[in-house]
Amino acid sequence: MASGSRLEDDTDIVQDRVADIGIIGGTGVYDPDLLKDSRTIEMKTPYGQPSDKITVGMYEGKKVAILPRHGSRHTIPPHKINFRANIWALKKMGVSRVFATAAVGSLKEDYRAGDVVIPDQFICWDRGVHTFYDGPNVYHVSMADPFCRDMRDTLIRAAGELGISFKDRGTYLRIEGPQFSTRAASKMYRQFADIIGMTAVPEAILCREQEICFAVVATVTDYDVWADEPVSIEAIKSVMAQNLKNMKSILERAIRDIPLDRGCECKDALKSAGA
Ligand SMILES: [Zn+2]
């Protein structure tokens, strides 16, 4: 169980290296009991407050930090999430890999309710500017392959070994929310993307700018409105419960299996990106 909380200046934390792996959990994923010897830390950042206190502890010999994206009582809607504060706080704690979970709508027939998706691309369809580099330092990081190769491989292996129905790729379309799409928009989006959600971007962008490895485990809750299919709340609830179980088992195995030494390019994202 989490015990106590303390306020830390982020400069103390960075020397402390309190965590290696971060989990940004969506709806229902937040489970501090997963970690041994856990405690909660309240982080301050130049961008304001993260979504909540961050729980840190041990899992399978690794230092893990859990941040509930919408707050532990789910009070922060997607458009109010302080994405920069969340990523900055994890970076300052020493985190070099972030797994994020996301509940998504499906834009394609063969991405079915209950499927796990490990996306490999995204399209950002919003009006926001997402960056840590507002000047005077100017960087244009590459987003050609927006998700960490090694983390995706680890997640795909974990899902396969667990016998969970999953898609090993998919294009995630990001809308700002909090509203869902119109039918016309949904029909347009499905021409070029597979799933739709509100949070994996800008997290992917901001992690890349901090040279943090990032990957998403998405679970499909239902078809987006293009399908024109009536959906019962009961059906969604039962899919969500199963999704949650699947996501947790995949994440636990991936954390166990992911090496802390990084062989991917994410750690050098800024190297040739300066203007
Ligand atoms: Zn990486």
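Tutor: The site of the zinc ion is tetrahedral, with angles of 97 to 114 degrees among its four donor atoms. For reference, ideal angles at a metal are 109.5 degrees for four tetrahedral donors. Keep in mind that this is a predicted model. The donors are the SG atoms of Cys 148, Cys 213, Cys 264 and Cys 266, at 2.2 to 2.3 Å from the zinc ion. Along the chain, their spacing reads C-x64-C-x50-C-x1-C. Cys 213 belongs to strand S12 (residues 213–223), while Cys 264 sits in the segment after H6, so this pair ties together parts that are 51 residues apart in sequence.

H6 is also part of a helix pair. Two packed helices are described by the angle between their axes and the distance between the axes. Helix H6 (residues 233–257) meets helix H3 (residues 149–162): the axes come within 9 Å and cross at roughly 125 degrees. H3 is therefore oblique to H6. Their crossing is right-handed. On the H3 side, the contact is made by Thr 154, Leu 155, Ala 158, Ala 159, Glu 161 and Leu 162. On the H6 side, Ser 249, Ile 250, Arg 253, Ala 254 and Asp 257 take part. By class, this contact of H3 with H6 has six nonpolar, two polar and three charged residues.

Now the loop between strand S8 (121–124) and H3. Pro 136 lies there.

Val 201 and Pro 202 are joined by a cis peptide bond, with omega about 15 degrees. Pro 202 lies in helix H5 (residues 200–209). Pro 202 also takes part in helix packing, in the contact between H2 and H5. Helix H2 (residues 83–92) packs with H5 at an angle of about 40 degrees, and the axes are 10 Å apart. That makes H2 oblique to H5. H2 passes H5 in a right-handed crossing. Phe 83, Arg 84 and Ile 87 of H2 make the contact with Pro 202, Glu 203, Leu 206 and Cys 207 of H5. The contact of H2 with H5 counts five nonpolar, no polar and two charged residues.

One backbone detail remains. Asp 37 is not a glycine, yet has a positive phi of about 50 degrees. Asp 37 lies in strand S3 (residues 36–43).

Conventions. Residues numbered from 1 in each chain as written. Predicted model: local features only at pLDDT ≥ 70, side-chain atom pairs only at ≥ 80, totals over all residues. Heavy atoms only, no water. Axes fitted to C-alpha atoms, helices over the stretch in contact; angles between N-to-C directions. Helix = DSSP H or I, 4+ residues; strand = E, 2+ residues; numbered from the N terminus. Parallel < 35°, antiparallel > 145°, perpendicular 65-115°, else oblique. Left-handed = near helix turned anticlockwise from the far one by under 90°. Contact = heavy atoms within 4.5 Å. Nonpolar A, V, L, I, M, F, W, Y, C, P; charged D, E, K, R; others polar. Donors = N, O, S within 2.8 Å, 3.2 Å for Na, K, Ca; no water. Tetrahedral: all angles 85-135°; square planar, octahedral: opposite > 155°, others 65-115°.
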